[in-house]
Amino acid sequence: MDKIIVKGPARLSGEVEISPAKNAYLPILAAILLTDKKVTLTNLPKLRDINTMLKLLEMMGVECNRDGKNVTFDASSLSSHEATYELVKTMRASIFVLGPLLSRLGKAKVSLPGGCAIGTRPIDIHLDNLEKMNVKIEMKNGFVFAETDHLTGALVKLKFPSVGATENLMMAGVFADGQTIIENAAMEPEIDDLANFLNSLGAKVSGIGTSRLVIDGVKELNGGTYQAIGDRIEAATYIIGGLMTKSEMTVKNFNPKHLFNVLENLQGMGAKLEIGDNYVKTYPSSLKGSKVITEPFPGFPTDVQAQMVALLTVVEGNSLVTENIFENRFMHVPELTRLGASIEQLGSSVFIEGGRPLTAAPVMCTDLRASAALVLAALCAYGETKIDRVYHLQRGYEDLPEKLQKLGAHVELVNE
Ligand code: EPU
């Protein structure tokens with residue numbers, strides 16, 4: 001099994017290029033199902049989750065022609081309306097195909113995703129609101145069976161601004177009769193990106209960037225070429241890595257406005273950052289503790305919480321971090337403790353006593369962002385840290401060992 005070995009402490013320097021965002025490309029890939037014209041997506045990151053979504057599209061009869069990291073899709077041959085248990089169990093984002101399949105074929109059979117390591121993650125907001133758009137839904141044998149004779153626009157108000165539900169409903173609205181209005185919609189930048197992609201093919205989504213999205217149904221979509229936004233979560237991970245290792249380094253190819261809450265928080269802790277249009281440069285800084293609460297965008301992202309906890313273990317002073325989005329997203333805490341961090345969990349918060357020196361130990365990845373936190377901590381720890389179960393990292397961080405090596409870190413991917 002693949003493992004990552006990190007020799008610390010590291011000092012990083014130079015530049016790192018951020019890849020297009022996984023969480024933008026996953027719904028965009030599902031949206032390919034909406035059009036029977038050719039669409040090319042460029043610079044698709046080499047990630048397990050992206051590969052899983054490509055496999056799902058191929059199983060449904062979509063032709064995927066790869067030219068390096070650019071892929072041209074032809075969904076005119078869409079022949080299946082089923083997302084199998086085998087694929088959905090490896091990636092919850094498979095649920096994104098529900099809205100597009102209903103739009104294109106009027107029916108969908110999608111395996112229920114079930115819980116995952118970070119929480120129970122129900123899909124009631126997706127399903128309850130699709131029902132308001134004239135969809136009949138039945139759950140049987142672990143599958144969602146959804147059917148409609150035609151989708152109708154509706155006013156739907158989400159009880160929570162779920163990212164995935166907003167995306168699914170937006171895609172369902174593209175061909176629905178009349179207007180679909182999504183109130184209390186999630187406002188994450190990846191949602192804007194999906195809307196911009198759909199509009200580039202001829203959809204009519206407005207209210208982009210707000211919590212009230214309006215989708216005017218259209219009759220057909222065209223083809224086109226698109227590239228997703230830079231991955232703000234990958235960028236935050238490297239920026240935090242730069243600060244933890246007191247390095248002067250540049251993180252580029254993403255929009256810092258997508259991270260303003262994180263950057264503001266870091267600056268409040270004393271971080272010296274140069275913020276450009278498409279890059280952030282870190283400088284060696286003396287940091288103090290902070291109070292962090294995860295919230296839907298524009299609040300502090302849950303996907304940066306684990307990396308932030310890793311940072312707060314090495315800065316001077318005490319910190320309090322509260323996780324409000326997922327009920328079980330502190331699995332990095334016992335592993336960070338193995339590296340010498342002082343963290344105490346109280347319900348949905350952790351109290352961190354900062355400034356303890358970290359020392360190497362064997363640790364284990366439990367989910368994607370927890371894994372990133374372990375790599376960051378290992379960069380600061382004295383000695384050789386062996387990180388197990390790195391397949392979690394490979395779901396969402398393209399070429400992580402190579403990118404860190406280029407920055408001067410001693411990081412190696414081994415198979416043992
Ligand atoms: N929720 C419900 N019912 C629903 C949908 C969501 O109760 O029908 C709850 C969830 O259980 C969770 C909260 O609402 O407690 C937020 O879930 P949301 O639907 O917003 O998240 P998601 O669409 O499942 C996406 C990202 C996650 C990211 C969250 C929050 C993708 C593929 N995934 O998940 O990314 O943490 O939004 O920003 O876009 C990651 O990349 O590591 C990751 C987990």
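I count a residue as near a molecule if one of its heavy atoms lies within 4 Å of it. The model is predicted, so I noted the limits: local features need pLDDT of at least 70, side-chain atom pairs count only at pLDDT 80 or more, and totals for chains, interfaces and linings use all residues. Residues are numbered from 1 along each chain as its sequence is written, and side-chain values use heavy atoms, with hydrogens and water left out.

**Ligand shell**

I looked up the residues around the ligand: there are 21, and Asp124, Ile125, Ser162, Asp303 and Ile325 come nearest. I sorted the shell by class and got 10 nonpolar, 5 polar and 6 charged residues. Here Ala, Val, Leu, Ile, Met, Phe, Trp, Tyr, Cys and Pro count as nonpolar, Asp, Glu, Lys and Arg as charged, and the others, Gly among them, as polar. Helix 1 (22-31), helix 5 (124-131), helix 6 (163-173) and helix 12 (368-380) each give the shell at least two residues; helices are DSSP runs of H or I with at least four residues, strands runs of E with at least two, numbered from the N terminus.

**Polar contacts**

I list pairs of N or O atoms within 3.5 Å. A polar backbone atom of isoleucine 125 is 2.8 Å from a ligand oxygen. A polar backbone atom of proline 122 is 3.3 Å from a ligand nitrogen. Arginine 369 places a polar side-chain atom 2.8 Å from a ligand oxygen. The ligand taken alone exposes 830 Å², of which the protein buries 87%; areas are Shrake-Rupley values with a 1.4 Å probe.

**Leucine 346**

I found leucine 346 in strand 20 (residues 342-346).

Note on methods
Polar contact = N/O pair within 3.5 Å; in protein donor to acceptor, adjacent residues only side chain to side chain.
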